[in-house]
Amino acid sequence: MTALNKNNSAVKRIMQEARELANDPCTDYSAGPLEDDIFEWHCTLRGPAGTEFEGGLYHFRILLPAEYPFRPPSIMILTPNGRFELNTKICISFTSYHEELWQPAWGVRTAIIGLQGFFPLKGQAAVGVGSIEYPATERKRLATLSKEWTCPHCKQTNLELLPDPPAPTNTGRTLGESDTMSGTEEGSNPPPDNTAATAAATAAINRQTSAVVNADRNIIAPPTLTAAQQDEMQAMARALHDRLDTLRSQSAGRQSENALPPVSQAAGGTIMDSDTPVRLLAVPLPAAVEAASTPASVQEVREPVRVRSSQKPPVLLDTAICILLVLLFAIICRRIV
């Protein structure tokens, strides 16, 4: 075997793929590079199931270029098959005939699996360089003979290179018959009746479910108050109500003190209506009479009497009421919790 440049990207890639195929074998194909040339691989492929190639084993060569994996490989079939010509580079989408379709992420495994998918194609889809069209009967006959075909280079038959997978074991019993048949054959006792155990388990589950539901209800529903607690809450409510009445009466007294007394006539000829003490009626007087009847101090400073509108409750009263309501609500919540 010639010395290989292990720093070459193609050599690294080929050796990596060889290790992966060796560590992860498949029953549908086997492949490996030649000992004297790692750029040439020999592969054995199992015919696709459900076609005229089923049961056949087909040996072929994969020729990797020096620029691999940036350029696609070439494939040559060696075993007579009735689908591809022998010892001819076939034309499929991932071979050297279509370099524009090749992707460096693909590899030898991709080419093998893709070749298996091209076997069943017929008609116009099967047309290409290296393709042939044999009758289905001839392809079946070649598939039967392909197992004993021997590769001149490998010196082994296809069946030796790719043995048939082991047949699945079948005990002849359907699902659910194993225990019954074993008990009947061996003379063992029938399986015990688990009805009582199942009922007990169901009852236990129901009890646990009821406990959880009751716990949730206890968390959500508020507790009931005793008679003493209800009396105490009512006494507190009455005390707060009396306190609010006291604050309202004090506020009303302050408003009455600040109200203006009704007068029939004010200085400067301003007359107030007795029926409407808040609204003033201004009657102009002659200038001479006004000057004689009005003092000098009043003449110098004369300001219109401002009409008082309806007084609103002071902010202090509103604040006190809100504080008392909040305290009452907090006390009620604490008693409940």
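Rings of Phe, Tyr and Trp (its six-membered ring) count as a pair if their centres lie within 6.5 Å, with planes under 30 degrees apart called stacked, over 60 edge-to-face and the rest tilted. By this criterion, a search of the whole structure finds seven aromatic pairs. The model is predicted, so local features need pLDDT of at least 70 and side-chain atom pairs count only at pLDDT 80 or more, while totals for chains, interfaces and linings use all residues. Residues are numbered from 1 along each chain as its sequence is written, and side-chain values use heavy atoms, with hydrogens and water left out.

**Aromatic residues**

- Phe-53 and Tyr-58 form an edge-to-face pair, 6.1 Å centre to centre with 75 degrees between the planes.
- Both Phe-53 and Tyr-58 are buried, that is, under 20% relative accessible area, where exposed is over 50% and partly exposed lies in between (1.4 Å probe, protein chains only).
- One aromatic cluster is formed by Phe-53, Tyr-58, Phe-84 and Phe-119.
- Arg-83 lies over the face of Phe-84, at 4.3 Å from the ring centre; the criterion is NZ of Lys or CZ of Arg within 6 Å of the ring centre and within 35 degrees of the ring normal.

**Ser-131 and its surroundings**

- Ser-131 is placed in the loop between helix H2 (108–118) and helix H3 (136–146); helices (H or I, at least four residues) and strands (E, at least two) are DSSP runs, numbered from the N terminus.
- A polar atom of the Ser-131 side chain lies 2.9 Å from the backbone oxygen of Ala-126.
- Leaving aside neighbours within four places in sequence, Ser-131 is in contact with Arg-83, Phe-84, Glu-85 and Ala-126, contact being heavy atoms within 4.5 Å.

**Helix H3**

- The buried residues of H3 are Arg-139, Leu-142, Ala-143 and Ser-146.
- Seen down the axis of H3, these buried residues fall within an arc of 105 degrees, so they line one face of the helix; the arc is that of the directions from the helix axis to the C-beta atoms.
- Thr-137 and Thr-144 are exposed on the other side of H3.
- Strand S3 (57–63) and helix H4 (158–161) are included in what covers the buried residues of H3.

**Helix H10**

- Helix H10 (residues 315–336) has 22 residues and reaches 32 Å from its first C-alpha to its last, close to the expected 32 Å, which is 1.5 Å times one less than the number of residues.
- Leu-317, Leu-324 and Leu-328 are the buried residues of H10.
- Viewed down the axis of H10, its buried residues fall within an arc of 40 degrees, so they line one face of the helix.
- On the other side of H10, the exposed residues include Val-315, Leu-316, Val-326, Phe-329 and Arg-334.

Note on methods: Polar contact = N/O pair within 3.5 Å; in protein donor to acceptor, adjacent residues only side chain to side chain.
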